[in-house]
Amino acid sequence: MKTAVMVYADPKAGTEEALGRLFNALATTYEFKEKGDDVTLMFQGAGSRWIGELSNEKHPAFALFEAVRDKVAGVSCGCADVFGATEAVEKSGFDLIKDNPIPSTSGLTSIRNLIDDGYTILNF
């Protein structure tokens with residue numbers, strides 16, 4: 001089983017719903033990891049902003065994020081650009097993914113490539 005967990009929720013929304021979506025994405029990744037499954041975690045769209053938020057040790061999802069840090073494939077480069085998260089992603093050491101060369105962007109994550117590689121995609 002191959003699963004890609006995608007985080008789209010926007011931390012700037014300031015809602016419990018956004019935090020809940022992040023928490024569930026991290027928990028799902030953790031569960032798959034613990035079972036030994038092939039799982040990858042990616043941050044897309046406004047979800048690219050979470051990387052900066054999750055660097056704070058006092059964040060309620062910090063410990064869970066640290067438990068799945070090794071499963072983070074990266075952050076959509078074009079999304080990080082649009083949503084002002086590029087600097088935080090670069091500081092974090094995570095990859096900026098740009099395998100989908102969309103015009104007028106620095107490139108996005110290719111969902112099609114994930115599907116071609118046999119991944120089931122879960123969106124949060």
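Reader: How many disulfides does a search of the whole structure find?

Author: In general, a disulfide is a covalent bond between the sulfur atoms of two cysteines. The working cut-off is a pair of cysteine sulfur atoms within 2.5 Å. Searching the whole structure gives 0 disulfides. This is a predicted model, in which local features need pLDDT of at least 70 and side-chain atom pairs count only at pLDDT 80 or more, while totals for chains, interfaces and linings use all residues. Residues are numbered from 1 along each chain as its sequence is written, and side-chain values use heavy atoms, with hydrogens and water left out.

Reader: Is Cys 77 buried or exposed?

Author: Buried means under 20% relative accessible area, exposed means over 50%, and partly exposed is in between (1.4 Å probe, protein chains only). Cys 77 has a relative accessible area of 6% and is buried. Cys 79 is also buried, at 13%.

Reader: Which residues have the most contacts inside the largest nonpolar core?

Author: In soluble globular proteins, nonpolar side chains tend to be buried together. A nonpolar core is a set of buried Ala, Val, Leu, Ile, Met, Phe, Trp, Tyr and Cys residues joined through side-chain atoms within 4.5 Å. Here the largest one has 25 residues, and those with the most contacts inside it are Leu 22, Leu 26, Leu 41, Phe 43, Trp 50 and Phe 65. Among the elements giving two or more residues to this core are α1 (16–34), β2 (38–43) and β3 (72–76). The largest share, 5 residues, comes from α1. Such elements are DSSP runs numbered from the N terminus: helices (H or I) have at least four residues, strands (E) at least two.

Reader: With which strands does β3 pair, and in what sense?

Author: Two strands pair if DSSP finds at least two bridges between them. β3 pairs with β2 in the parallel sense over 3 bridges, and Gly 74 in β3 is the bridge partner of Met 42. β3 also pairs with β4 (residues 96–97) in the parallel sense, over 2 bridges. There, Val 75 stands opposite Leu 96. Because 4 of the 5 residues of β3 are buried, this strand is largely enclosed by the rest of the structure.

Reader: Where is the place of Ser 48?

Author: Ser 48 sits in the loop between β2 and α2. Its relative accessibility is 0%, so Ser 48 counts as buried.
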